[in-house]
Amino acid sequence: MRLSALIGLPVRDAAGRTLGRLHEIRAVDGRISELVYGPAGLFERLTGRAQPTTLPWSRVKRIHAKTIELNQSLDP
Amino acid sequence: MNPHGRIQLVGGLLDLPIIDKDGRYCGIVDDMELEETRGVLRVKGLLVGPGAYRGRLPGWAFHLIRWIAGARMARVPWDAIESIGGAVVLKVTAETCGLHRAEDKARRLIPRRGAM
Amino acid sequence: MNLLELTLGIMTAVGGFVDISELVFAAQAGSSYGYALIWVFALSTIGIMVLGEMSGRVAAVAKQPVFNLIRHRLGLKLGLVTLIASLISNLITCAAEIGGTAIILHLLTGAPMMLMAVAMMAVLIGTIWILPFKWIERAYGLLGLFMIIFAVALIKADPPWARIAGGFVPQIPSGLSSGELIRFAYFGVAIISAVMFPYEIYFYSSGGIEEEWGPKDLPINRLTCIVGFGLGSLLAISILSSSAALFAPLHVDPQLPGSAVLEAELPMGRVGLLLALLGVLFAVAGAAIETCLANAYSVAQFFGWEWGRHKKPWNTPRFTLTWIALFLLALAIVLTGVDVMKLVEFAVLFSVLVLPLTYLPLLLLASDRHFMREHRNGVLANGLGWLYFAVIVAAAVAAVPLYLLTSGGQG
C-alpha cells in the first residue's frame with residue numbers, strides 16, 4: 001500500500017457519515033500512530049499549521065480502495 | 001529529528017530531498033510504501049523516482065512523464081534513514097539503494113576536463 | 001564581515017541588476033511618459049529587495065534552496081505546475097537575453113546577428129563550464145559596471161533634476177486619453193515584472209547555497225539586497241531619465257535595445273557609446289547566464305539531483321546536461337528569427353503570471369518557525385512581503401488584458 005493511495009480518501013465513521021478527507025498521517029518510529037482529517041488540504045500544507053481533527057490510528061477499522069472506515073460513530 | 005521520533009508523513013517527510021551519507025543529493029521522497037504486519041501499519045520505505053508518481057498525478061500526466069523520463073523507482077528502506085529535517089539524510093550511500101543509476105548514465109556524457 | 005566580499009557582492013549586484021527587459025522598458029517608459037514611471041521602478045526595487053533578502057535568508061538558515069522548499073510545500077502536482085510555468089518563463093527570458101547580446105555584438109562588430117548569437121552561446125557555455133560559481137557571477141556583474149556610463153551620461157545631459165525627483169512620487173500623468181492610460185498601466189505592470197523577475201530569486205537563493213552561506217552571512221545578504229539592488233535600480237532609473245530628457249523632446253521611441261545606448265552617445269560621443277555597448281553586453285550576457293542557471297537549478301532541485309557550479313560539471317551530470325540543453329533551446333528560439341522585442345514582451349508577460357506561484361511559498365517559508373527558527377520574518381518583513389504579494393497578484397491579473405488591449409505596449 002502506498003501513502004499516496006491513502007491521502008485524500010474520505011474518512012467515514014461507523015454510521016457511514018463522512019467526517020472529512022485524510023490529509024496527514026503521523027508516525028512514531030515508522031509505526032502509523034494518528035490520522036489527521038478535515039476539510040482543509042492545500043491551505044493546511046501551505047501554512048504548515050496543525051490540523052485540529054486528529055484520531056489515533058487504532059480507530060481505523062478498515063482501509064477500502066476509496067474510503068477509510070472508522071470503528072466508531074463520531075460527530076462530524 | 002531521528003526516524004524513531006514522531007513525524008508527519010505528508011508535511012514532514014513527503015517531497016523532501018534525500019541526501020546520502022556522503023552528502024550527495026540523490027532524489028526526492030516521491031511516495032512511501034506502507035505495510036501492515038500483525039495489525040500494525042508501518043512505513044516500510046521511501047519510494048524515489050518517476051515510477052513513484054503513479055498515485056500522485058492524473059493518469060495522462062503520469063504517462064507523459066513516463067514517456068519522457070521512464071518509470072524507474074528505487075526503494076529506500078526505513079532503516080537506512082539517519083535523520084529527517086530539512087532533508088532526509090541516509091546512513092548509506094546512494095549506490096546501496098539504487099539511487100545512483102540515472103546520474104551515472106548521465107555522467108558518461110560529460111567530459112572530465114577544463115573546469116576550474 | 002569580510003569587507004572585500006561585501007563590496008564585491010554589492011558591486012556584482014549593481015552591475016547585474018539591469019537586463020534586456022529593464023533596458024528596453026526603462027527607455028520606452030522615459031520617451032513615452034517622461035519621468036512619470038520612476039516611482040514604479042522604485043516601488044518594484046523595494047519589492048525585489050524584500051523578496052531577495054527573504055530568499056537569501058531562507059538559503060542561509062534552512063540551507064535549502066527555494067525550489068526544494070516549493071516542492072515540499074506545494075507538493076508534486078502544484079509544484080510541477082510552478083516548475084513548468086517558471087521553465088517556460090525563464091526560457092523565453094533567456095532567449096531574449098541571448099538575442100539582446102547578439103544585437104549588441106552586431107552593433108559592435110557588424111557581423112550577422114545570428115552568427116553572433118551562436119558565438120555568444122559558445123562563450124556562455126564555456127564560461128559556466130570553466131569558471132566556478134563565484135567567478136561566473138562576479139565576472140559579468142563587475143564587467144556590467146560599465147553601465148555606470150548611463151548615470152554619467154545623465155549627469156552630463158543636465159536634466160531637470162527637480163522633475164526626476166518628482167518622478168519618485170506615485171502619480172498618473174494628467175491629460176492622458178483612455179488608451180494612453182491603459183498603455184501607462186501596461187508599462188507599470190511590465191516594469192514590476194522586469195524588476196521582480198522570478199529567475200532572480202531562484203538564482204540568488206541557489207547562489208547563497210553555492211557560496212555556503214550560513215546565519216553569519218545574513219548581514220551580507222541584507223546589505224547586498226538593499227545597497228546592491230538599490231544602486232542597480234538607480235542605473236535603470238538613469239536610463240529612463242536620459243530617455244525622458246533626450247528622446248521624449250525629439251519624439252523618438254526607442255524600440256530596440258540598440259537605441260538605448262544612444263543615451264550615452266548623445267552627451268558623450270563615441271566613448272560613451274562604446275562604454276554603453278560594453279556595459280549592456282556584459283549585463284545582458286550575465287542575465288542570460290542567470291536565467292539559464294536558474295532554470296537548471298529549479299529542475300535539479302525539484303527532482304533531487306546533485307546541482308551547483310561549486311562542484312565540477314562531471315559531479316553534477318544531470319544538472320550540467322540540463323543547463324547546456326536549456327541554452328541550446330534558448331538559442332534555437334533566437335535562431336527562428338523571432339523579433340527579440342517580441343521575446344522581451346513575452347518574457348515580461350509570462351514572468352508576471354508566474355510571480356505569485358514563486359513568491360507565495362517563499363513568503364510562507366520565510367516566516368516558518370520550524371525552518372527559520374529565530375531568523376523567521378519579523379513584523380516588517382511579513383508586512384512588506386504580503387503587501388508586495390498583493391501587488392504581484394494584482395499585476396498578474398491585469399497583465400494579459402493590458403497586453404491585449406495595448407498590443408504589447410504599442411498603443
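Okay, some housekeeping. Residues are numbered from 1 along each chain as its sequence is written, and chains are lettered from A, with ligands numbered from 1, in the order in which they are written. Since the model is predicted, local features need pLDDT of at least 70 and side-chain atom pairs count only at pLDDT 80 or more, while totals for chains, interfaces and linings use all residues.

Let's begin with chain C. What is it built from, helices or strands? Chain C has 17 helices and zero strands. Along its principal axes, the C-alpha trace of chain C spans about 55 × 45 × 45 Å.

How much of chain C is buried? Of its 411 residues, 58% are. Buried here says that 20 or more other C-beta atoms lie within 10 Å of the residue's own; 12 or fewer is exposed, in between is partly exposed, and the C-beta atoms are placed from the backbone. Then there are the contacts, meaning pairs of residues whose C-beta atoms, placed from the backbone, lie within 7 Å. Looking at contacts in chain C with a separation of 6 or more, 86% come from residues 24 or more positions apart.

Now the inside. The largest nonpolar core has 194 residues, and Ile98(C) and Ile191(C) have the most contacts inside it. A nonpolar core, to be clear, is a set of buried Ala, Val, Leu, Ile, Met, Phe, Trp, Tyr and Cys residues joined through C-beta atoms within 7 Å. Which helix gives the most to this core? That's α13 of chain C, residues 262–303, with 23 residues. As for Ile98(C), leaving out residues up to four places away in sequence, its contacts include Ala117(C), Met120(C), Ala288(C) and Val334(C).

Arg373(C) sits in the loop between α16 (369–372) and α17 (379–406). With 11 C-beta neighbours inside 10 Å, Arg373(C) counts as exposed.

Over to chain A. Here we get two helices and six strands, running α-β-β-β-α-β-β-β from the N terminus on. Chain A has 76 residues, and 22% of them are buried. Among its contacts between residues at least 6 apart in sequence, 32% join residues at least 24 apart.

So where does chain A meet chain B? The contact takes 19 residues from chain A and 20 residues from chain B. On the chain B side, β1 (6–8), α1, β4 (31–37) and β5 (40–48) each supply at least two residues. That side divides into eleven nonpolar, four polar and five charged residues.

Two strands pair if DSSP finds at least two bridges between them. Within that pairing, Arg26(A) stands opposite Gln8(B).

Staying with chain B, have a look at its open sheet of four strands, in the order β3-β2-β8-β7 with mixed pairing. The edge strands are β3 (25–28) and β7 (81–84), each pairing on one side only. A hairpin of three residues joins β7(B) to β8(B), and three bridges link these antiparallel strands.

Is Asp15(B) buried or exposed? Asp15(B) is buried, with 24 other C-beta atoms within 10 Å.

Last one: Arg66(B), in helix α2 (residues 59–69) of chain B. Arg66(B) is partly exposed, with 16 other C-beta atoms within 10 Å. Not counting residues up to four places away in sequence, Arg66(B) touches Pro50(B) and Ala71(B). Asp79(B) is 13 residues from Arg66(B) along the chain, and their C-alpha atoms are separated by 29 Å.

Methods
Contact = placed C-beta atoms within 7 Å. Nonpolar A, V, L, I, M, F, W, Y, C, P; charged D, E, K, R; others polar.
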